[in-house]
There are 2 protein chains.
Amino acid sequence: MILIDSSCLDVQMEEIVTGRCTKVARNLHMERLRNHYLFPEISARELEHIKKYPNEKVIRLGIGNTTEPIPEVITLAMSDFTRALSTPEGYRGYGAEQGNMELRKAIVKTFYGDLPVKDTEVFVSDGSQCDISRLQLLLGSNVTIAVQDPSFPAYIDSSVIIGQAGSFEDETGKYQNIVYMKCGPQNHFFPDLSNTLRTDVIFFCSPNNPTGHAASREQLEQLVEFAEENGSIIVYDSAYAAYITDESPQSIYEIPGAREVAIEISSFSKIAGFTGVRLGWTVVPDELLFSNGFPVIHDFDRIVCTCFNGASNVAQAGGLACLSPEGAKAMLSVVDYYKENANILAETFASLGLNVYGGVNAPYLWVHCPGLRSWDVFNEILEKTHIITVPGSGFGPGGEEFIRVTTFGHRETILEASTRLKSLVLV
Amino acid sequence: MILIDSSCLDVQMEEIVTGRCTKVARNLHMERLRNHYLFPEISARELEHIKKYPNEKVIRLGIGNTTEPIPEVITLAMSDFTRALSTPEGYRGYGAEQGNMELRKAIVKTFYGDLPVKDTEVFVSDGSQCDISRLQLLLGSNVTIAVQDPSFPAYIDSSVIIGQAGSFEDETGKYQNIVYMKCGPQNHFFPDLSNTLRTDVIFFCSPNNPTGHAASREQLEQLVEFAEENGSIIVYDSAYAAYITDESPQSIYEIPGAREVAIEISSFSKIAGFTGVRLGWTVVPDELLFSNGFPVIHDFDRIVCTCFNGASNVAQAGGLACLSPEGAKAMLSVVDYYKENANILAETFASLGLNVYGGVNAPYLWVHCPGLRSWDVFNEILEKTHIITVPGSGFGPGGEEFIRVTTFGHRETILEASTRLKSLVLV
């Protein structure tokens, strides 16, 4: 049945599979994606390294993957819930697509306290990365977006996939239709808004992944004012808010006016060690309106009902236990553990004479290696210390000269990494 | 801070929220969606009915929601997995976006047996509805699609959202760019392919939701041949394959040539009672190529890595237990239970003198009420018997004159429904 039709094979050699082609054109937007998604690319490099050095123990400070056990009060709740699924009384089929109302109420109470966020504005998700793509489906291909540079790759990649981004320009390392808001030490990791072009949507992550910078109240007031003036929608990613130790706001809704301009996405991944369990949420305020007066929340509800079917009810039972007084206390003790890791690694990199950012309000360090290319630094650290980091340029051209170091890890691993790194001389 | 800007309020009155509009235009594709998604609409009607008849017990034979407890061998595995998340040895963070390899292998072994499906071609998901939208993201707005008429609404609605569908035409009840392949008793629930226009993609669900018809081997051979001739991609939804009792194929890959033209999406929801736990999978064969020779699987992998982060690891642990010999046996005994429900309800509707389809190979009955409008039948059954069904026209114009009846339910509920229905006279 297999016909060899060489006329259709106009792709790079490594991608070719000989066989009969369909007549379905590949989606141009997919073609425009650059190379591979960052984290699978790093995993591939790790595999190569392990093959080269089979006897060395690789330490992973790359992907921000939680490592510490989930407190028992939380797993017991999930375990009880799953066991009850075998009983007539405890069995649950489809839940509400928007999430269990008890959990939505608990999210409001725990994370928004006195702020005017309503339980009906909270949509429980299977994680913020998934909701970023659902938001892109809602927004469609005709909106313009801005991102912090550097930023978490999912904003740009989902924008390319939905068709907002235009072509990639090799000279600049940027997509032509995306506004890159440079954030670095020179501007206190906050964009110069007086020089920033208006876009429909502004993706803004604080505490930022990868820089670890939490925007101050004054900075966020500027951001909300900028969105109000421009009629823009902020998509505010607060996945790391629980790591904030100073007085920086933990939610965009602490800023007056934000309910008319901002969506907030967040996650249990890094607070509760739920990276594999999968649970997050998104807040869409009733007051957020499209230009024709139509509430954004109605379209998001439709997307959630059509393109999603709710987070796993087991994960939701776990989320509810996280927000009990005992669960919240246990959860935050794990956060504190990772923060101590951050202190250890920050001191280590500083002892090498490097400028280290982040770590105080986020589980990431952002290490400056002036004059060096970040993939070179990644390779050199891997080769000399068998430690995986993330090259800053993977987060956008503004990440060049930096590496991101996650502070998730067992303490003994972090201490071992510290020992290995202290002998490092970057060239 | 609230400004009233009446100029932006050009939407229907019930949608209006007074406040300051952003300057972001609502996505035209979202505007084109008809009314509400079918199932939330039915839930709203149920709520109204309960208000009207607070003392009557409503029986839900509407949404296909599983009701029977999950066998203990499966929930014990999930419970053990969650408890282990509290130990250093058992803790798991991010898993592979494509799913746990052990589960992917078990899916191949259990569902594909001797067929040449590879574990690397299986992508574990949080359910087939979610993967339908991810496939639409992959395909993009420039492909044309065909659907069975009637069909599960997610195919059309996700097509509208991504921008393939064009305008809705009130006269026909159809979107202008979608090819509706009528399937009814007159053509043995299989489209007349000699009269069917070529499209890039053909969504095909077998056993079908809502008609309950499982396509025969001969029908599927015709479908694959049609796709081969047209260079089309079939998206084959086999979520109900476990309900097949006759010799109909349980996978499209039983048909020679299918690996070059078909993606298969499937689900644990209706086999294992995982509607709330959330677990499914999608198979993308290596041989499926776009017109330029680029393998579809590479783009799907990219979508899964960028727009998804893997199914909950707890759900995956449950899925693995489902596929153990003991789990599979227990799972299928629940399927048999629902099949007996189908027998009871099929006899009930037949006793009213109505033609009843489905039920043999699917957990749905498709009941023909000639000359009646399906929403009228829905309302009349609800009013007279307090039983929720689904109006056939909710699945497309080809569903007019039919209602869909789910056979998920506790036996006593099904028997009570049968008693109530037997006294029904439809007018």
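Reader: How do you know how far apart the centres of domain 1 and domain 2 of chain A are?

Author: In this predicted model, 25 Å separate the two centres, taken over C-alpha atoms. The bounds, 38-69 + 327-422 for domain 1 and 72-323 for domain 2, come from an automatic or database domain assignment.

Reader: What makes you say that domain 1 and domain 2 of chain A are in contact?

Author: Contact needs heavy atoms within 4.5 Å, and 30 residues of domain 1 of chain A meet 35 residues of domain 2 of chain A that way. About 2,600 Å² gets buried between them, 65% of it on carbon and sulfur atoms. A:Met331, A:Asn361 and A:Phe395 supply 27% of the area that domain 1 buries there, more than any other three residues.

Reader: Now the two chains. Why is the pair A:Arg20 and B:Glu228 called a salt bridge?

Author: The cut-off is 4 Å from a Lys or Arg side-chain nitrogen to an Asp or Glu carboxyl oxygen. Arg20 of chain A and Glu228 of chain B come in at 3.5 Å, N to O, so the pair qualifies. Across the interface of chain B and chain A the rule finds 10 salt bridges, and the buried area is about 8,900 Å².

Conventions: Residues numbered from 1 in each chain as written. Chains lettered and ligands numbered in written order. Predicted model: local features only at pLDDT ≥ 70, side-chain atom pairs only at ≥ 80, totals over all residues. Heavy atoms only, no water. Buried area = accessible area lost by both parts, 1.4 Å probe.
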